[in-house]
Amino acid sequence: MPLSGGGTRRGAPVIVGVNSRHVHRTDVTDEIDVSDCRRCEKLCASRSRIVNGVGPTDAALCFVGEAPGEREDDTGEPFVGRSGEVLDGALRDLGLARGDVRITNCARCRPPDNRDPTAEELTNCRPHLEGEIDAVDPDVIVTLGKVPSEHLLGRSVPVTAEAGSVHDVRIAGATRRVLVCVHPAATLYDPSQRETFASALESAVELVDGGGDQSRLGEF
Ligand code: URA
């Protein structure tokens, strides 16, 4: 089973071709994209737009960040700034393209001045994240940084110490495998985090590969 199934994970017809991993289901996009939300008065006033998740709607690997930054707010796509470059580079090193994985955030609107989303904002946005996870049904969720790790694990998480650790977590009524990772931006501030980041991502890919019904290493 590939990282994204070209529809095959849900019993849709198998699409054969070199790019079949990049041909993905689009029929649930409307379910998981949020076109209007006014739950957070302050974020509604300051945001340019809602930043929905991107990537295959049947991706086996789903990355969850904190919240959009300035570039994400400008473009409407998560992880397109410097953090996104780090993430894309680490995926490339593993033989993956950005389009092979799902990328989303705990909060879909940019907090002003890049502050952390408040507990209330995270709670308000949680149904959107849960709806997306439920629809995409990934094999592994990778939490990028402290905010998403603590939000999904529901406890304090020292991310550097716990990076690469895997947890079974109940999310929206299902048990999900969550792998803790440092935020890609951490590697920009502290180069010693590069190895931590890269090896957590490698573990995530191995987990997807090892958890499937056939080897996928050849596809990477
Ligand atoms: N940082 C995040 O956590 N999410 C983004 O989308 C961009 C930067």
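The structure is a predicted model. The protein has 220 residues, of which 44% count as buried. Its secondary structure consists of nine helices and five strands.

**Overall fold**

- From the N terminus on, the elements follow the order α-α-β-α-α-β-α-β-α-α-β-β-α-α.
- Among contacts in the protein with a separation of 6 or more, 68% come from residues 24 or more positions apart.

**Ligand surroundings**

- The residues around the ligand are Gly 65, Glu 66, Ala 67, Pro 68, Gly 69, Glu 72, Pro 78, Phe 79, Gly 81, Ser 83 and Asn 105.
- Sorted by class, this shell comprises four nonpolar, five polar and two charged residues.

**Two residues with positive phi**

- Asp 113 belongs to the loop between β2 (102-105) and α5 (119-136).
- The phi of Asp 113 is near 55°, a positive value in a residue other than glycine.
- Asp 113 counts as exposed because 7 other C-beta atoms lie within 10 Å, where the cut-off for exposed is 12 or fewer.
- Asn 114 is likewise placed in the loop between β2 and α5.
- Although Asn 114 is not a glycine, its phi is positive, at about 60°.
- Asn 114 has 12 other C-beta atoms within 10 Å and is therefore exposed, since the class takes in residues with 12 or fewer.

Technical notes. Residues are numbered from 1 along each chain as its sequence is written. This is a predicted model: local features need pLDDT of at least 70, side-chain atom pairs count only at pLDDT 80 or more; totals for chains, interfaces and linings use all residues. A residue is near a molecule or strand if its C-beta atom, placed from the backbone, lies within 6 Å of it. Ala, Val, Leu, Ile, Met, Phe, Trp, Tyr, Cys and Pro count as nonpolar, Asp, Glu, Lys and Arg as charged, and the others, Gly among them, as polar. Helices (H or I, at least four residues) and strands (E, at least two) are DSSP runs, numbered from the N terminus. A residue is buried if 20 or more other C-beta atoms lie within 10 Å of its own, exposed if 12 or fewer, and partly exposed in between; C-beta atoms are placed from the backbone. Two residues are in contact if their C-beta atoms, placed from the backbone, lie within 7 Å.
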